[in-house]
Amino acid sequence: MRSRLKWGDFVVIGAVLVLAAALAAWFAAGTQGDLLYAEVWQDNALIERVALTDATDRTIDLDGHNVIILSGKTARMASADCHDQVCVRTGTLTRAGQVAVCLPNRVVLKIVGETGEIDAIVS
């Protein structure tokens with residue numbers, strides 16, 4: 001038996017698409033205005049914390065083991081001398097919460113955000 005779509009089905013599909021677009025726009029707009037920082041950790045110690053702005057152009061060389069490139073509001077692990085290269089294949093980090101980890105060299109590159117607004121008050 002073959003079923004056909006009714007006009008109510010199109011209304012539901014349209015409502016779901018509109019809701020999905022609104023949620024995507026809300027999440028995309030939520031990161032604007034936040035100050036982003038790139039943090040470089042090695043052996044559980046913070047090596048550097050750099051503010052990511054449009055003018056950021058910096059290369060961080062960790063004793064030849066890992067090379068990190070900060071360009072604009074992005075960060076990436078450009079090269080590593082480890083075998084698996086997972087940290088390099090992670091790609092470019094652009095949002096707060098993204099992380100690239102090189103386990104053999106114990107290096108962590110992460111993007112953290114800082115906002116001027118209060119998220120929650122816990123008592």
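User: How much of the chain counts as buried?

Analyst: Of its 123 residues, 24% count as buried. Buried means under 20% relative accessible area, exposed means over 50%, and partly exposed lies in between (1.4 Å probe, protein chains only). Please keep in mind that this is a predicted model: local features need pLDDT of at least 70, side-chain atom pairs count only at pLDDT 80 or more, and totals for chains, interfaces and linings use all residues. Residues are numbered from 1 along each chain as its sequence is written, and side-chain values use heavy atoms, with hydrogens and water left out.

User: Why is Glu39 called buried?

Analyst: Glu39 has a relative accessible area of 10%, and the limit for buried is under 20%. Glu39 is therefore buried.

User: What makes Glu39 and Arg49 a salt bridge?

Analyst: The term asks for a side-chain nitrogen of Lys or Arg within 4 Å of a carboxyl oxygen of Asp or Glu. In this pair the closest N and O atoms are 3.0 Å apart, and Glu39 forms a salt bridge with Arg49. Glu39 lies in strand 1 (residues 35-42) and Arg49 in strand 2 (residues 45-52), so the pair ties together parts that are 10 residues apart in sequence. Helices (H or I, at least four residues) and strands (E, at least two) are DSSP runs, numbered from the N terminus.

User: Why do Asp43 and Arg106 get the labels they have?

Analyst: Asp43 has 45% relative accessibility, so Asp43 counts as partly exposed. Arg106 has a relative accessible area of 52%, and exposed means over 50%, so Arg106 is exposed.

User: What makes Arg58 and Glu48 a salt bridge?

Analyst: Their closest N and O atoms are 2.6 Å apart, which meets the limit of within 4 Å. Arg58 lies in strand 3 (residues 57-62) and Glu48 in strand 2. Arg58, at 37% relative accessibility, counts as partly exposed, and Glu48, with 22%, is partly exposed too.

User: How many salt bridges does the rule give?

Analyst: The count comes to three.
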